[in-house]
Amino acid sequence: MNTAQQNVIEKIDMATDIVVIGSGYIGLKAASQISEIGYNVILAPQHNDMGINCSIMDVLSTEIDRLKALETEVANNTNVEILPISTLVEATGTPGDFTLKFKSADSVVEKKAGAVIIATETAVNPLNRIYGLNPAANVVSLSEFENLLAAEETKKELQTNGKTVAFLVGFAHEGSPLLMKRVLNSVSEVVSMDGCSAYVYVNNIKVAEDGLERLYMQCRDTGAIYFKLEKAPTVTQENDSLTISFHDPVIRNDIELNPDIIVVEESLVADEANHSLAEILRIDEGPMGFLQKENVHRLPVNSNREGIFVVGSSRDVQNYSKSCTDIDNMVLRVKQLIGDGTKSIAAKAIVDREKCTICLTCYRCCPHGAITWDDKAIISSIACQGCGICASECPMEAIQLVDFTDAEMADRIKEAAAVEVADAPKILAFCCQNSAYEAGMAAKAFNYELPAGLQLIKVPCAGKIDIQYILNALVEGADGVLILACHHGNCKSESGNTYAKWRINDAYQKLAQVGIKKDRLEFATLASNMASDFARIIIDMEKRISQKKD
């Protein structure tokens, strides 16, 4: 390996066109704001409907007219190219140099982009079937009821006939504050109409949003009746007759209601296009088909790949206000990434092209999509996050991580193991710099009791801890070796802790073959703020080793 390569600064030309994938107001707003900072935008709508149901997104009435004008503004914006309704079919490249192919009708169009923004919308899923109800004039979904209230004629009919409206919420799925706000807004309108009454059958009342608990109490104080139940009430539908009943354990009696209308909850689900987008763009899918893992390192708008950002309902169920905050954060990240179209960056990992056999192990294991190839592996300096998983997995040892080469790590292990403290077990702790190392530094800063023989070895990610490092530490005289990684689901590289755990298991087998007991090697997970747990884990190992020596 030519170490002189490690300090080379690479100047990269970045494409300044930005692709926004998604229809609806969030996609339009994202395109508009990106164009305002001087970049050209290619907007690729996924559906015919460029608008959204404002009630679903909880859009303030003061914003609705402004949003409706946004479509015209974006259409007239010379810096925004709007493609026909299209589907992404292929994506290659790295940040600053993405190539995307969109299929529209019978044609395929290819676009170059420096970054990709995903702004897909949520879809509404009616839940009538879970309650055993058939859609009817008097059994409607929440969206349908919102439309009834929005139309003056049907709203007047409700009020004239003094309708009793029952809402079923939280029994078919867990729900969310956004869904609860929509329910409470509808309840508020019902109880405000003379002669009308509202009954809400609810499991958990999701009010963890600004002003939502106040709205709940206002509805209650103006006449809404709430029944908080552990399981769904019994609902029967016979022709035009509706009955809701449940047993009240307090009064020890059955309570029955014959409402005129039943409003059934609905779930907000990820856009069905998300799965295909995730596969093509090689980004991780999160819970329920959204495009962001529940990982603190991804917040607010990052995916696992640099240059691909997720905003609004593409990453979670969100209201309009939070989606706008996402767009603001995304614009900052795009500007930070693309800049003026050139970027100078030092390589984080180096490929020895003479050793590389193009087995593609590195391509398969890279969690950031940073590796491509010609006749040998190529690591994108701008896409690489420097985790080192590829270097540790490469069977030919053809990849070295800058500042953490195998030779440098061997020297650090030897140096740490050479430190002698009388009557103290020698413990070497390999610590992920994003979690355990910070916890260790905090433990020292807070003067927690730590073993005198402890030496910390910082690694960029637990996924960079080779099995050879563990064996070297023991050969050099360590009494105990600790591998301290991020918690599951909280690894910056998503899977670094998993690779580390696999190598620990391999190390246990090798140690058993030479008669070394496995209690000299331990794997644990920590967060950066867990200084006390760090100290406890280290002290526990010291006590265990000391007892063995005695």
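**Figure 1. Pairing of Val 19 with Val 116 of strand E8 in the predicted model.** Val 19 has Val 116 as its bridge partner in E8. The model shown here and in the other views is predicted. Strand E2, residues 17–21, pairs with E8 in the parallel sense, and 4 bridges connect them. E8 covers residues 115–118, with Ala 115 and Ile 117 pointing one way and Val 116 and Ile 118 the other way. All of these E8 residues are buried. E8 is also joined to strand E19 (residues 308–310) by 3 bridges, again in a parallel arrangement. In that pairing Ile 118 has Val 310 of E19 as its bridge partner.

Figure 2. Strand E5 (residues 87–94) runs antiparallel to strand E6 (residues 97–104), with 7 bridges between them. Thr 87 stands opposite Lys 103 of E6. The hairpin of E5 and E6 has 2 residues between the strands, and Gly 96 adopts a positive phi near 90° there. E6 in turn runs antiparallel to strand E7 (residues 107–113), and 7 bridges join this pair. Here Thr 99 stands opposite Lys 112 of E7. The hairpin of E6 and E7 likewise has 2 residues between the strands. Ala 105 in this hairpin takes a positive phi near 55°.

Figure 3. Helix H7 spans 274–281, and the loop between H7 and E19 contains Pro 300. The peptide bond from Leu 299 to Pro 300 is cis, and its omega is near -5°. Arg 282 also lies in the loop between H7 and E19. Arg 282 is not a glycine, yet its phi is positive at about 60°. Most residues other than glycine have a negative phi, and most peptide bonds are trans. The relative accessible area of Arg 282 is 29%, so this residue counts as partly exposed.

**Figure 4. Asn 447 in the loop between helix H12 and strand E26.** The loop that holds Asn 447 runs between H12 (436–445) and E26 (454–459). Asn 447 has a positive phi, near 60°, in a residue other than glycine. With a relative accessible area of 68%, Asn 447 is exposed, because exposed means over 50%.

Figure 5. H8 covers residues 320–338 and includes Asp 326. Is Asp 326 buried or exposed? Its relative accessible area is 2%, so Asp 326 is buried. Neighbours within four places in sequence set aside, Asp 326 is in contact with Pro 300, Val 301, Val 311, Gly 312, Arg 315 and Gln 318. Ala 30 lies 296 residues from Asp 326 along the chain, and their C-alpha atoms are separated by 9.3 Å.

Figure 6. Asp 271 is placed in the loop between E18 (266–269) and H7. Asp 271 has 8% relative accessibility and therefore counts as buried. Which residues does Asp 271 touch, not counting those up to four places away in sequence? They are His 47, Thr 120 and Glu 121. Lys 103 is 168 residues from Asp 271 in sequence, and the C-alpha to C-alpha distance is 18 Å.

**Figure 7. The whole protein, as context for the views above.** The protein contains 15 helices and 28 strands, and 51% of its 550 residues count as buried. Its C-alpha atoms fill a box of roughly 90 × 65 × 40 Å along the principal axes. The domain assignment gives domain 1 (17–122 + 270–340), domain 2 (125–268), domain 3 (349–401) and domain 4 (406–549). Domain 2 and domain 3 have C-alpha centres 56 Å apart. Of the contacts with a separation of 6 or more, 71% are between residues 24 or more positions apart. The accessible surface is about 25,600 Å², and carbon and sulfur atoms account for 47% of this area. There are 52 positive and 74 negative side chains, with the centres of the two sets 6 Å apart.

Definitions and conventions:
Residues are numbered from 1 along each chain as its sequence is written. This is a predicted model: local features need pLDDT of at least 70, side-chain atom pairs count only at pLDDT 80 or more; totals for chains, interfaces and linings use all residues. Side-chain values use heavy atoms; hydrogens and water are left out. Buried means under 20% relative accessible area, exposed over 50%, partly exposed in between (1.4 Å probe, protein chains only). Contact means heavy atoms within 4.5 Å. Accessible areas come from the Shrake-Rupley method with a 1.4 Å probe; for residues, only the protein chains shown count as cover. Lys and Arg count as positive and Asp and Glu as negative; His and the chain ends are not counted. The place of a charge is taken as NZ of Lys, CZ of Arg, CG of Asp or CD of Glu. Domain bounds come from an automatic or database domain assignment. Two strands pair if DSSP finds at least two bridges between them.
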